[in-house]
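Here is a short briefing on one protein model. It covers charges over rings, aromatic pairs and a sheet.

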Amino acid sequence: MRVAEIRSRFLEFFRDNGHEVVASSPVVPDDDPTLLFANAGMNQFKGVFTGRETRENSRACSSQKCIRAGGKHNDLENVGYTARHLTFFEMLGNFSFGDYFKQDACNWAWQLVTEGYGIDPDRLWVSIYQHDDEAREIWSDQIGVAPARIVGLGEKDNFWSMGDVGPCGPCSEIHVDRGAGSSCGSDCALGVCDCDRWMEIWNLVFMQYEQQAGGSRVDLPSPSIDTGMGLERITMILQEKETVFEIDLLAGIIDKIGEVTGVAPSNGPEGTPHRVISDHLRSLSFAIADGAFPSNEERGYVLRRILRRASRYGYKLGMERPFIHELVAHLVSEMGDAYPELEERRPLIEKLIHSEEEQFLRTLKTGMTRFDAEVDTLRSSGGEQFPAPAAFFLHDSCGFPIDLTEQMAREVSLDVDKEGFDHLMDQQRTRSRQGSKVILSSETNSAIAGCTGLGATEFLGYHQLESEASVVSFMSEEDQSLLVLDRTPFYAESGGQVADTGVIEASGCRLEVIDCQKNSEGTYVHVVHAVEGELPELSSGTEVSCKVDGARRFDVVRNHTATHLLHAALRVVVGDHVQQKGSLVAPDRLRFDISHYEKINSEQLTEVEGIVQDWILRDAEVQIHDDIPLKEAKKRGAMALFGEKYGDRVRMVEIPEFSLELCGGIHCQRTGEIGPMMIVGEGSVASGVRRIEALTGIEGARRVRADEDLLQSLATKLRTPREDLEQRIESLVAENRALKGGKGVASDRDLLAELDSGYGERRTVGSGEVVIATWKDAPQEQLLVVADALKRRAGERAFILASSGDDGIRFIVGTSEALPPGTVHAGNVARQGAGILGGGGGGRPDMAQAGGKAVERLDEALEAMARSLQDSIAGNGS
């Protein structure tokens, strides 16, 4: 019986018994910030079990995509080493929402396992919660399981709870005895050991209590059922395999890995890499198909860890090139029928995995070399603990997640100095925090955080810019004071939209509002200072007049609505995998960070800009839907931000037929109010995250005017009609080369012009950037010309400029004059790169030159130096 048949037989059995067959929810939850990934079949029914939602059908069944590789449920380290652990698996489950209970759940489970799947009842054992006499009676008296094969266990093993409070109850598990050949020894017994002889295949959870905050439990008015059976585990039993990796689905992937790598798979320890890669391929592919991206935060970092773990096992098989992406097509052929999203998103999955592999491989060899050297040193000295500084280097400079280093250390019987590593990580975070730039003083920020117990402030700013209000609390500082009112028209910074500014008049004093923040209790805290009159003592109940800076607000509003249009246009042009990762909506510009794996080219940006401008010219109505049920908004397709906590009722902003987002910000009434919109920048913020910068309204018009003036000035100086400027400039460049006696070889190229035209790579780090560019056979004097220009240009910047040739690599590391002294030491970074390239060099903190002969390791050296520069600038808080 193949996997597909086992899955369908389960669903058909329960459909025949009155259950609705429900499709798997995405493995990336979009409405539960407590979950990184779906990890159980009941996740999508959580609202029903807690009473927040209702369903027409009180019975359901599903085959749910699950990932357990982070948080409370994490099987990552066990994958490939045990017979049963996987990070990705399918959970077959049947559910009762206040309908049937223990008797039917147990009867149906036994019937399907013994009759539907044909497993010999004499091989089956049952575990129950030790105090659940009702379950024991059902199994023994009604179903006929021998009392000796019913084992009572404690809460740790057989009692389930949703959390510290909420639904909970005893559970009962069906186990298959795989025989004495799988035994761990003479003491082997269900509930005594955790070996692979006793294979749990089905867990039946009886939700019959509600856990109270004080520790007591009360009966639920409508007891429910939640069951889960791992598809891969039951397939392993039915196909009589020793491990889940031998079942038809995974065995096919493993054979493909052997074909691609040229290393035959094995059931022994030498086959561990094949098993790990087969599992991790599925986790990566399904997560990306459902909208997750590898990154350095939250679930994205879990995916990055999974991919780098798989890549390192590929390296053990001799693969020093990207190859995991080549396996996606085989996975799609195996699982695409059951999960069509794999086929739909296949190009994206392949591109993302390839990009991540390529990036990690740049530093993997350096990291492995360092690891092996440390192990050799420990062996010669008799040490047993991998040192913290080395683990930190692997993490910080080579991109090795700490759990990967720990896994590698275990393979050579070493422990990692985790305490020392954590200390080094804390020091790095402290440096970053100390360098952070803040608008408000630390004392003011602390005071804002302390404004608790004052109640929620009524916000009036959606519909008015002026209002009267009463003082709730007033705290005076030397240069800044904090004012809390009972109501306010001032928008508090939230969701990327900056806070309103303006004035508050009280008791003959005019206060300037320079910021407004909102705490978790909904209290709006106005940061003010006196601009006219003496700062009064504002007692509770004092009446004040508030007035928002309307012109500034309107500029902000234009940019916010333009951001929604930009988001929708990017999803049309770049792909519907695009998701918001951050934003800044200010009066003078907008900044929008999105999930995407490569540079957005100029043609795409032009198309995006054109779509946005088209919707602006349509003057479409911007519809605000206040206070609608979250479930209704989700059903309509409203986009939400991962990690954002939404209540049961939300605010939705709609531009009909184009954009629909959950948003608490302030918007234009019609898109025509935005005015001209111009994209002025695109770059990398982090791996898998791109940043778009744009101007609208007056600022957009000013930029257009400035560009027009520049073109007119060039046309006048070159005495050429505007339409002929490009041809004239190209002619002058060719003429200049000819005068120099060259013929367009590298020595006559204008490297700075190429850089300004988009050549190389720019990585945004806070308000600064790291520039990386490599040319073929570029003269050192030309690299110095470019370095001098980048040094003198405005803005905080670090750069690496390299020239590669048959005789080796030469490069320059430097910083701009605007970068605070001490942020980066260019000489140290240059020495780091030269070490990788097998050369030498160095220099001053602001400028250094170096080189090396190992041309094949150029990418690795550039990536290591770029990481060092990024970390230094980030640590300075730019």
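Arg370 lies over the face of Phe393, at 4.6 Å from the ring centre. A charge counts as over a ring if NZ of Lys or CZ of Arg is within 6 Å of the ring centre and within 35 degrees of the ring normal. This is a predicted model: local features need pLDDT of at least 70, side-chain atom pairs count only at pLDDT 80 or more, and totals for chains, interfaces and linings use all residues. Residues are numbered from 1 along each chain as its sequence is written, and side-chain values use heavy atoms, with hydrogens and water left out.

**Charge over a ring**
- The charged end of Arg651 sits over the ring of Tyr462, 3.8 Å from its centre.

**Aromatic pairs**
- The structure holds 23 aromatic pairs. Rings of Phe, Tyr and Trp (its six-membered ring) pair if their centres lie within 6.5 Å; planes under 30 degrees apart count as stacked, over 60 as edge-to-face and the rest as tilted.
- Trp125 and Trp198 form an edge-to-face pair, because their ring centres are 5.2 Å apart and their planes stand at 70 degrees.
- Trp125 belongs to strand β6 (residues 124-129) and Trp198 to strand β10 (residues 198-211), so the pair ties together parts 73 residues apart in sequence. Helices (H or I, at least four residues) and strands (E, at least two) are DSSP runs, numbered from the N terminus.
- Trp198 is buried, at 11% relative accessible area. Buried means under 20%, exposed over 50%, and partly exposed in between (1.4 Å probe, protein chains only).
- Phe459 and Tyr491 have ring centres 6.0 Å apart and planes at 70 degrees, so this pair is edge-to-face.
- Phe459 lies in strand β14 (residues 458-459) and Tyr491 in the loop between β17 (487-488) and β18 (502-506), so the pair ties together parts 32 residues apart in sequence.
- Both Phe459 and Tyr491 are buried.
- Phe10, Phe13, Phe14, Tyr100, Trp108 and Trp202 are linked into a cluster by ring pairs.

**Sheet and helix**
- An open sheet of three strands has the order β24-β25-β26, with antiparallel pairing. Two strands pair if DSSP finds at least two bridges between them.
- β24 (623-629) and β26 (659-662) are the edge strands, each pairing on one side only.
- Five bridges join β24 to the antiparallel strand β25 (residues 649-655). Ile624 has Val653 in β25 as its bridge partner.
- Helix α17 (residues 550-573) lies across β25 and β26, at about 115 degrees to β26. Contact means heavy atoms within 4.5 Å. Axes are lines fitted to C-alpha atoms, for helices over the stretch in contact, and angles run from 0 to 180 degrees between N-to-C directions.
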